[in-house]
Amino acid sequence: QVQLVESGGGLVQAGGSLRLSCAASGRTFGSYQVGWFRQAPGKERESVAVISWSDGSTYDVDSVKGRFTISRDNAKKTVYLQMNSLKPEDTAVYYCAARRVGQSEYNHWGQGTQVTVSS
């Protein structure tokens with residue numbers, strides 16, 4: 001069984017930075033992708049960034065390009081989301097999730113961490 005635990009959320013002023021962590025446990029992740037998602041009040045959940053555990057290749061959505069960076073530490077089995085130049089519209093609950101490469105759905109989710117950006 002895969003367990004994911006997010007941490008690092010909080011309150012920050014616009015223009016500030018936060019680093020979210022997603023600690024994974026329960027199995028090895030060589031054939032997995034891990035993604036960061038967010039859901040703002042009244043909005044649908046959206047993908048933010050994805051990383052392949054095996055080769056570290058990444059994908060970022062346009063709204064965060066140049067501001068957010070996803071990375072991983074294999075030894076710590078942890079995926080990070082470094083968020084810089086934060087904007088009030090980045091306010092949301094951020095989740096990490098995992099899926100096997102080739103699967104369409106993410107079937108392992110963390111509990112989420114709140115990020116609030118004040119103007």
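1. Asp90 and Arg67 are both buried. The two residues form a salt bridge, with 2.7 Å between the closest N and O atoms. Asp90 sits in the loop between β8 and β9, and Arg67 in the loop between β6 (58-60) and β7, so their pairing ties together parts that are 23 residues apart in sequence. The model is a predicted one, and the distances and accessibilities in this note should be read as values from that prediction.

2. Asp90 counts as buried because its relative accessibility is 1%, and the cut-off for buried is under 20%.

3. Arg38 also forms a salt bridge with Glu46, and here the closest N and O atoms are 2.6 Å apart. The two ends of this pair fall into separate accessibility classes. Arg38 is buried, with a relative accessible area of 7%. Glu46 is partly exposed, at 34% relative accessibility.

4. The pairs should be read together. Through shared partners, the salt bridges join Arg38, Glu46, Arg67 and Asp90 into one network. The structure holds three salt bridges. As background, side chains of opposite charge can pair when their charged atoms come close.

5. On the strands, an open sheet is formed by four of them in the order β1-β3-β8-β7, with antiparallel pairing. Its edge strands are β1 (3-7) and β7 (68-73), each of which pairs on one side only. From one strand to the next, the twist averages 15 degrees.

6. Within that sheet, β1 pairs with strand β3 (residues 18-25) in the antiparallel sense, over five bridges. For a check by eye, take Glu6: its bridge partner in β3 is Cys22.

How values were computed: Residues numbered from 1 in each chain as written. Predicted model: local features only at pLDDT ≥ 70, side-chain atom pairs only at ≥ 80, totals over all residues. Heavy atoms only, no water. Pairing = 2+ DSSP bridges. Helix = DSSP H or I, 4+ residues; strand = E, 2+ residues; numbered from the N terminus. Axes fitted to C-alpha atoms, helices over the stretch in contact; angles between N-to-C directions. Salt bridge = Lys/Arg side-chain N within 4 Å of Asp/Glu carboxyl O. Buried < 20%, exposed > 50% of the residue type's maximum accessible area, 1.4 Å probe, protein only.
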